[in-house]
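Me: I want to go through the ligand site and the helix packing, one point at a time. Shall we start with the ligand?

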Amino acid sequence: MSSQRPRIGLTGGIASGKSTVASLLAERGALIIDADRIVRELQEPGGAGLAAIVEAFGPAMLTPEGQLDRAALGALVFADDQARERLNGLIHPLVRAEAAARLAAAPAEQLVVEDIPLLVETGQAPSFDEVIVVQAPLEVRLSRMERDRGMSREQALGRIQAQASDEERAAVATQLIINDAGLPELEAQVRALWGRLLASREG
Ligand code: ADP
């Protein structure tokens, strides 16, 4: 029997309910390692990510206060595919290293769930024992993005289409959560999922 903890990833398209599932898992005792939050922390002054960005793209990426100039970086990588790939090549290994360090520091008995929005897009599925995928109907996601993110329908659809498709995510899922009803139904699914995760760890 291996004493190694299973690697559990959580992903889902934008506005599918992934963050809600992460919170529900945290309530049950999971440690959530949030890839987006790690990116933001790496990009704070003093962070390795910000240093790498300035080294690659120059001091124009900084505000006068020494913060990341998100607008400048956004404009650069939006206009230039090579720059975007270079940025990803710099940031993703740093995020993975930080996630690995947090994983190593967690108590052995705690379930750790790595919340990675672009898990499928970045080809990471094979490194996980469990891939939890959250899906919701397109119409529901579009309405949420219009409501919560102030996007037009076209913008929302563009964001969804820039990500992996439901089929691509479902193809690598070991645990599929279909979030097509209310919060009580989602909670019930997460409760059942939690039971399966505990059982597979003990199995
Ligand atoms: P994601 O992290 O996938 O972008 P969130 O978990 O932030 O999505 O969910 C987007 C919005 O939809 C949030 O306001 C959340 O509270 C809401 N939401 C998610 N699932 C449900 C549900 N089953 N019923 C009602 N609202 C939900």
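Me: Which residues come nearest to the ligand?
Reply: This is a predicted model. There are 17 residues around the ligand. Those that come nearest are Ala15, Lys18, Ser19, Thr20 and Asn179.

Me: Are helices H1 and H9 oblique or roughly parallel to each other?
Reply: H1 covers residues 18–27 and H9 covers residues 183–202. They pack at about 55 degrees, with axes 10 Å apart. Roughly parallel would need an angle under 35 degrees. H1 and H9 are therefore oblique.

Me: How many residues of the contact of H1 with H9 are charged?
Reply: H1 brings Thr20, Val21, Leu24 and Leu25. H9 meets them with Leu183, Leu186, Glu187, Val190, Leu193 and Trp194. The contact of H1 with H9 divides into 8 nonpolar, 1 polar and, as charged residues, 1.

Me: Are helices H3 and H5 roughly parallel or roughly antiparallel to each other?
Reply: H3 spans residues 48–57 and H5 spans residues 81–105. Their axes come within 10 Å and cross at roughly 150 degrees. The cut-off is over 145 degrees. H3 and H5 are therefore roughly antiparallel.

Me: How many residues of the contact of H3 with H5 are nonpolar?
Reply: On H3 the contact uses Ala48, Gly49, Ala52, Ile53, Ala56 and Phe57. On H5 it uses Ala83, Arg86, Leu87, Leu90, Ile91 and Leu94. With 1 polar and 1 charged set aside, the nonpolar count is 10.

Me: Is H6 oblique or roughly perpendicular to H7?
Reply: H6 (residues 138–149) and H7 (residues 153–161) have axes that come within 9 Å and cross at roughly 120 degrees. Roughly perpendicular runs from 65 to 115 degrees. That makes H6, relative to H7, oblique.

Me: How many residues of the contact of H6 with H7 are charged?
Reply: H6 supplies Leu138, Glu139, Arg141, Leu142, Met145 and Glu146. H7 supplies Arg153, Ala156, Leu157, Arg159 and Ile160. The contact of H6 with H7 has 6 nonpolar residues and no polar ones, and the charged number 5.

Me: Is the crossing of H6 and H7 left-handed or right-handed?
Reply: The H1 and H9 crossing is right-handed. The H3 and H5 crossing is right-handed. H6 passes H7 in a crossing that is right-handed.

Definitions and conventions. Residues are numbered from 1 along each chain as its sequence is written. This is a predicted model: local features need pLDDT of at least 70, side-chain atom pairs count only at pLDDT 80 or more; totals for chains, interfaces and linings use all residues. Side-chain values use heavy atoms; hydrogens and water are left out. Axes are lines fitted to C-alpha atoms, for helices over the stretch in contact, and angles run from 0 to 180 degrees between N-to-C directions. Helices (H or I, at least four residues) and strands (E, at least two) are DSSP runs, numbered from the N terminus. A crossing is left-handed if the near helix is turned anticlockwise from the far one by less than a right angle, and right-handed if clockwise. Contact means heavy atoms within 4.5 Å. Ala, Val, Leu, Ile, Met, Phe, Trp, Tyr, Cys and Pro count as nonpolar, Asp, Glu, Lys and Arg as charged, and the others, Gly among them, as polar. A residue is near a molecule or strand if one of its heavy atoms lies within 4 Å of it.
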